[in-house]
Amino acid sequence: MSRGLGDVYKRQEEESVIRRVMAMTVTEYLEQIKTARQEVEYCRHKIDELHDIAMRISGCSFEEHNSPNRQTEARFVKYLDEIAEMQTELEQKREKYMTLELEITHTLMSLPDPQERQVLELIFLHGLTTQETAKQMLLSTATVKRRKADALLELEKMLHDEPQ
């Protein structure tokens, strides 16, 4: 049976994920998304903060422009430059987050049990607590914990026992 080019690329992508995951636990692998989300939020917060500072700085007066010892560029320009740098960083972090989210979603789709998959999606991709996940899925907290543990074990087997 002949394999299409798409199958070859898909297999190469899976092998790439497997090689990267081999250096960490499955939980560490899944928690990368939380860290990436926090980095995006930090950049957004920092941009808002810099924007507020830049808006509060008053312009320079006529005397300041004529003084040879004074910097003639308005102080808020420094903050605008920082905002531009942070926006570039935000775009990079956002792209990293989106790539990681797609990769993890793809990995979770390989779980055979849909409820185990949903538990991991809610906890890792959506950032819900065990209690919030239990409430949303109409399950007990103990059941969510058990399903999470079972799913992590299954992923561990799938990702680490995979032939190279």
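Let me start with a term: a residue is buried if its relative accessible area is under 20%, exposed if over 50%, and partly exposed in between, with a 1.4 Å probe and protein chains only. This is a predicted model, where local features need pLDDT of at least 70, side-chain atom pairs count only at pLDDT 80 or more, and totals for chains, interfaces and linings use all residues. Residues are numbered from 1 along each chain as its sequence is written, and side-chain values use heavy atoms, without hydrogens and water.

Helix 4 comes up now. Helices here are DSSP runs (H or I, at least four residues), numbered from the N terminus. Helix 4 covers residues 76-109, 34 residues. From first C-alpha to last it reaches 48 Å, close to the 50 Å expected at 1.5 Å a residue. (Expected span is 1.5 Å times one less than the number of residues.) Which residues of helix 4 are buried? Among them are Y79, I83, M86, L90 and Y97. L100, E103, I104, T107 and L108 are buried too.

Next, helix 5, residues 114-125. Helix 5 packs on helix 6 at about 130°, axes 10 Å apart. (Axes are lines fitted to C-alpha atoms over the stretch in contact; angles run from 0 to 180 degrees between N-to-C directions.) That makes helix 5 oblique to helix 6. Q115, Q118, V119, L122 and I123 of helix 5 contact T133, Q136 and M137 of helix 6 (heavy atoms within 4.5 Å).

Last, helix 6, residues 130-137, against helix 7, residues 141-160. Their angle is about 105°, with axes 8 Å apart. So helix 6 is roughly perpendicular to helix 7 (65 to 115 degrees; under 35 is roughly parallel, over 145 roughly antiparallel, the rest oblique). T130, Q131, T133 and A134 in helix 6 meet T141, V144 and K145 in helix 7.

How values were computed:
Helix = DSSP H or I, 4+ residues; strand = E, 2+ residues; numbered from the N terminus. Expected span 1.5 Å × (residues − 1).
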